[in-house]
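I opened my notebook to write down what I looked up in this structure. The entries follow the order in which I checked things.

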Amino acid sequence: EQLRARWKALDTTTHGAQSALWKRFDAALTLAWQPVAEQRQQLATAREQNLQARQNLLSELAACPRPPAEAATAHAADWRALIQALEHFHSTWRKLGPLEHTIPKQAQDALQTRLSSTLAALEAPLHNARLTARQQRLQLIEQARQLQTAASDRDLV
């Protein structure tokens, strides 16, 4: 387009006397642009497929079963299943490449927002369960210390 515009700017000085030469030039530009246009189409198709794959991954993750909100009533297997689903998601997501280069620009913000909200909905209860488990372990350690100082060696076991 820039070459065509430059040609037109130069052509104003000759008042269009070289229309046959313009047609040859325009045909050469069109021919030279065909491989670039094909490559751009292939990239656009690949980006759309990548976007669809990412949206499918997010849908699968959103459909993942969640353990009960109360960490005490959830079974360890429930949390393990959630952790495995998150690990699988992150692994597959990374294999699809960086967002900036692999999906259409106009879809990046919406996808990033959906990713953040989906992950937050799953990782927040997991984080709370980890904090609860940590508190329980700290309480057990404190109880063991109290037993150690209060009891004799025979009663310690």
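How many residues does helix 5 have, and how far does helix 5 reach from its first C-alpha to its last? I noted that the model is predicted. Helix 5 covers residues 105-150, which gives 46 residues. From first C-alpha to last, helix 5 reaches 66 Å, close to the 68 Å expected at 1.5 Å a residue.

Entry on the bend. I looked along helix 5 and found a bend of about 30° at Ala 120.

Entry on the whole chain. I listed six helices and zero strands. Read from the N terminus, the order of elements is α-α-α-α-α-α. The chain has 157 residues, and 20% of them are buried. I also looked up the contacts with a separation of 6 or more: 67% of them join residues 24 or more positions apart. The accessible surface of the chain is about 11900 Å², and carbon and sulfur atoms hold 56% of this surface.

Entry on the buried side of helix 5. I wrote down its buried residues: Ala 107, Gln 108, Leu 111, Leu 115, Thr 118, Leu 119, Leu 122, Leu 126 and Ala 129. An α-helix has 3.6 residues a turn, so residues three or four places apart point the same way. I kept that rule beside the list, which includes Leu 111, Leu 115, Leu 119 and Leu 122. What do the buried residues of helix 5 pack against? I found helix 2 (19-62), helix 3 (76-95) and helix 4 (99-102) as their partners.

Entry on helix 2. I counted 44 residues in helix 2, with a reach of 61 Å from first C-alpha to last. That is close to the 64 Å expected at 1.5 Å a residue. Helix 2 has a kink of about 35° at Gln 34, shortly before the proline Pro 35. Its buried residues are Trp 22, Leu 29, Asn 50, Leu 51, Arg 54, Leu 57, Leu 58 and Leu 61.

Entry on Asn 50. Not counting residues up to four places away in sequence, Asn 50 touches Leu 96, Thr 102 and Ile 103.

Entry on Leu 99. This residue is in helix 4. Leu 99 counts as buried because its relative accessibility is 11%. Leu 99 and Asn 50 are 49 residues apart in sequence, and 9.3 Å apart in space, C-alpha to C-alpha. Leaving aside neighbours within four places in sequence, I found Leu 99 in contact with Arg 54, Trp 93, Gln 108, Leu 111 and Gln 112.

Entry on Asp 109. I found Asp 109 in helix 5. Asp 109 has a relative accessible area of 64%, so I put it down as exposed. Asp 109 and Leu 99 are 10 residues apart in sequence and 9.8 Å apart in space, C-alpha to C-alpha.

Entry on the largest pocket. I noted about 210 Å³ of space in the largest pocket. Its lining consists of Glu 1, Gln 2, Leu 3, Arg 4, Leu 29, Thr 30, Ala 32 and Trp 33. Helix 1 (2-14) and helix 2 are the elements that give two or more residues to this lining. Which helix gives the most to the lining of the largest pocket? I found that helix 2 does, with four residues.

Notes: Residues numbered from 1 in each chain as written. Predicted model: local features only at pLDDT ≥ 70, side-chain atom pairs only at ≥ 80, totals over all residues. Heavy atoms only, no water. Buried < 20%, exposed > 50% of the residue type's maximum accessible area, 1.4 Å probe, protein only. Contact = heavy atoms within 4.5 Å. Areas by Shrake-Rupley, 256 points an atom, 1.4 Å probe, with all protein chains shown as cover. Expected span 1.5 Å × (residues − 1). Bend = angle between axes of the 7 residues up to and from the residue. 1 Å grid on protein atoms, 1.4 Å probe; cavity = no way out; pocket = protein on both sides within 12 Å on 5 of 7 lines; lining within 4 Å. Points joined across faces, edges and corners; volume = space filled by probe spheres on them.
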